[in-house]
Amino acid sequence: MARVVKHEACAPIKVDPASWPKDDQGRPKVLSLCACGISAKHPFCDGSHKKCATEQPGVTYHYDPATGEPRPLPGAQAGDCCKG
Ligand code: FES
């Protein structure tokens with residue numbers, strides 16, 4: 001399983017430690033960064049990765065940005081994006 005993710009940003013996303021959310025004791029909270037690429041709150045995880053649970057091995061998917069629904073990419077094989 002794999003997915004194609006389109007990124008249009010051309011600069012880093014900066015996270016200011018001063019604005020980091022804190023727990024009840026003032027300690028920085030654990031933040032989850034999105035590794036699946038389909039979060040609507042990138043770079044943070046918003047739980048969208050649960051949609052990836054139904055992906056099939058050997059298939060590459062595209063997630064429709066309007067609906068968030070996965071669609072297999074015809075002719076694409078998992079790992080194609082990693083080949084030089
Ligand atoms: S890891 Fe991407 S939404 Fe959670």
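Colleague: Which residue's side chain meets that of Arg3 in a salt bridge?

Modeller: Bearing in mind that this is a predicted model, the side chain of Arg3 meets that of Glu55 in a salt bridge, at 2.8 Å from N to O. The pair links distant parts of the chain, since Arg3 lies in strand β1 whereas Glu55 belongs to the loop between β1 and β2, 52 residues apart.

Colleague: Are the two partners, Arg3 and Glu55, buried or exposed?

Modeller: A residue is called buried when its relative accessible area is under 20% and exposed when that area is over 50%, with partly exposed in between. Arg3, with a relative accessible area of 22%, is therefore partly exposed, while Glu55, at 5%, counts as buried.

Colleague: How many salt bridges does the structure hold, and which residues form the others?

Modeller: The structure holds three salt bridges. Besides the pair of Arg3 and Glu55, Lys6 forms a salt bridge with Glu8, where the closest N and O atoms are 3.3 Å apart, and Arg27 forms one with Asp23, where the closest N and O atoms are 3.0 Å apart. Lys6 is exposed because its relative accessible area is 70%, and Glu8, at 61%, counts as exposed too. By contrast, Arg27 counts as partly exposed at 49%, and Asp23 counts as partly exposed at 25%.

Colleague: With which side chain does that of Gln25 make a polar contact?

Modeller: The side chain of Gln25 makes a polar contact of 2.6 Å with the side chain of Arg27, the residue that also forms the salt bridge with Asp23. Gln25 is placed in the loop between β1, residues 2–4, and β2, residues 59–63, and it is exposed, with a relative accessible area of 58%.

Colleague: Is Ser48 buried or exposed, and what does Ser48 contact?

Modeller: Ser48, which is found in the loop between β1 and β2, counts as buried because its relative accessibility is 13%. Its side chain is joined to that of Asp46 by a polar contact of 2.6 Å, and, if neighbours within four places in sequence are left aside, Ser48 is in contact with Ile38, Ser39 and Ala40.

Colleague: Which residues make up the largest nonpolar core?

Modeller: Six residues make up the largest nonpolar core, namely Cys34, Cys36, Ile38, Cys52, Tyr61 and Tyr63. Cys52 touches Cys36, Ile38 and Tyr63 among its contacts, and also Met1 and Arg3, when residues up to four places away in sequence are not counted.

Methods: Residues numbered from 1 in each chain as written. Predicted model: local features only at pLDDT ≥ 70, side-chain atom pairs only at ≥ 80, totals over all residues. Heavy atoms only, no water. Helix = DSSP H or I, 4+ residues; strand = E, 2+ residues; numbered from the N terminus. Buried < 20%, exposed > 50% of the residue type's maximum accessible area, 1.4 Å probe, protein only. Polar contact = N/O pair within 3.5 Å; in protein donor to acceptor, adjacent residues only side chain to side chain. Contact = heavy atoms within 4.5 Å. Core = buried A, V, L, I, M, F, W, Y, C linked by side-chain atoms within 4.5 Å. Salt bridge = Lys/Arg side-chain N within 4 Å of Asp/Glu carboxyl O.
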